[in-house]
Amino acid sequence: MIASKSGKLALLWRGDRRARAEATAENNRYHRVFEALAALGIEAEPAVYADDIVDEVRRQLLGCDGVLVWVDPISDGQNRVRLDVLLREVASRGVWVSAHPDVILKMGVKEVLHRTKHLGWGTDTHLYRTAEDFREAFPPRLRAAGPRVLKQNRGNGGQGVWKVEWLSDATVRVLHARRGSVPEIVPLGEFIGQCEAYFAHEGCIVDQPFQPRLPDGMIRCYMGEDKVVGFGHQFIKALIPPPPEGPDSPAGQPGPRIMHPASAPPFQALRAKMETEWTPQMMGLLGIEAASLPIIWDADFLYGPRDASGEDTYVLCEINVSSVFAIPDQAPAAIARLALARLQSSGVQRRSVI
């Protein structure tokens, strides 16, 4: 079989043997990406991944020119350890990978909040690399600086993200960002001990000030490489105490994420900052070349304090690289265009597929 002249891509997401056997380009949530790729003459196929079928997936990926990956860092007790080994291997053998695991470790982890804190999107951010450092430095900082938000280095869905408020030398009020959580008053030492698990496997904890404008919502800025491809605005509930009806009540649920095109007027100041300042500065600071940027990634912003002229400022709270979905309506076409350019820049014309 001969691949199309534009090259052949695999779209990879997590599943099991049955899901792999049944997957088509039409019966999954990425079907619009498949359609956009096909419109540009790019042959694309599903590559459903599970740790127990890694050899089968390896053979498939080595028969492709590139792979677009959508797999969360943590999901139902599973992680990306074996997958990342596989992706590094196939990349070393000439398969283009987006996002490459080494790029994820630079920009798709919470440590990036500390490394880039001096950029315009940064704030008073601290990093703890060891449990000992955390135990010594965090309590006095919390007592002096007011409510803080702690984040484990790799996670998703609010896992390992906490709002912490000082009550006394002995107790703190904590609220986990996972859906359904409620505030708890716990001994400070007990909470610190609970957080020590985040230092396993060379992990760390990032510490930022709580943003009082959190109820104004979060802006998700979707990026196609170094250009904005859309925005999503959502009134989130994470780290906000639930209503009296409880966290599972309708009033305790986050609002829908309202998608907007890149041209949406309310977000043009943020778009300009991302495209002309913050993304290029991040790339230089982290040593990421344009050709290595993820095809699709996003930066989540909270509203910071208004400046002297009354304009909004923005505080980066997370960069998502591992699995960015749902996406704006304009994103599939942008993904396809960028994928085609990557394939062409790699000199792909025609390749025999094993």
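The axes of helix α2 (residues 31-39) and helix α10 (residues 331-345) come within 8 Å in this predicted model and cross at roughly 45 degrees. Axes here are lines fitted to C-alpha atoms, for helices over the stretch in contact, and angles between N-to-C directions run from 0 to 180 degrees. Helices (H or I, at least four residues) and strands (E, at least two) are DSSP runs, numbered from the N terminus. The α2 helix is therefore oblique to α10. Angles under 35 degrees count as roughly parallel, over 145 as roughly antiparallel, 65 to 115 as roughly perpendicular, and the rest as oblique. The crossing of α2 and α10 is right-handed. A crossing is right-handed if the near helix is turned clockwise from the far one by less than a right angle, and left-handed if anticlockwise. Arg 32, Val 33, Ala 36 and Leu 37 in α2 meet Pro 332, Ala 333, Ile 335, Ala 336 and Ala 339 in α10, contact meaning heavy atoms within 4.5 Å. By class, these residues are eight nonpolar, no polar and one charged. Ala, Val, Leu, Ile, Met, Phe, Trp, Tyr, Cys and Pro count as nonpolar, Asp, Glu, Lys and Arg as charged, and the others, Gly among them, as polar.

Residues are numbered from 1 along each chain as its sequence is written. Local features of the predicted model need pLDDT of at least 70, side-chain atom pairs count only at pLDDT 80 or more, and totals for chains, interfaces and linings use all residues, while side-chain values use heavy atoms, with hydrogens and water left out.

Helix α3 (residues 54-62) packs against α4 at an angle of about 30 degrees, with the axes 10 Å apart. The α3 and α4 helices are therefore roughly parallel. Their crossing is right-handed. On the α3 side, the contact uses Val 54, Val 57, Arg 58, Leu 61 and Leu 62. On the α4 side, it uses Arg 82, Leu 86, Leu 87, Glu 89 and Val 90. Seven of the residues in this contact are nonpolar, none polar and three charged.

Helix α7 (residues 131-145) and helix α8 (residues 188-195) have axes that come within 11 Å and cross at roughly 135 degrees. That makes α7 oblique to α8. This crossing is right-handed. Phe 134, Arg 135 and Pro 139 in α7 meet Leu 188, Ile 192 and Cys 195 in α8. The contact has five nonpolar, no polar and one charged residues.

The second largest pocket holds about 690 Å³ of space. On a 1 Å grid over the protein atoms alone, a pocket is an open set of points with protein on both sides within 12 Å along at least five of seven lines, whereas a cavity is a set where a 1.4 Å probe fits but cannot get out; lining residues have an atom within 4 Å of a point. Grid points are joined across faces, edges and corners, and a volume is the space filled by probe spheres set on the points. This pocket is lined by 22 residues, with Asn 79, Val 81, Arg 154, Ala 200 and His 201 nearest its centre. The elements giving two or more residues to the lining are β5 (78-79) and α4 (81-92). The largest share, four residues, comes from α4. The lining comprises eight nonpolar, nine polar and five charged residues.

The whole structure has two cavities of 30 Å³ or more. The largest cavity has a volume of about 70 Å³. Strand β3 (residues 66-70) gives the most to its lining, three residues.
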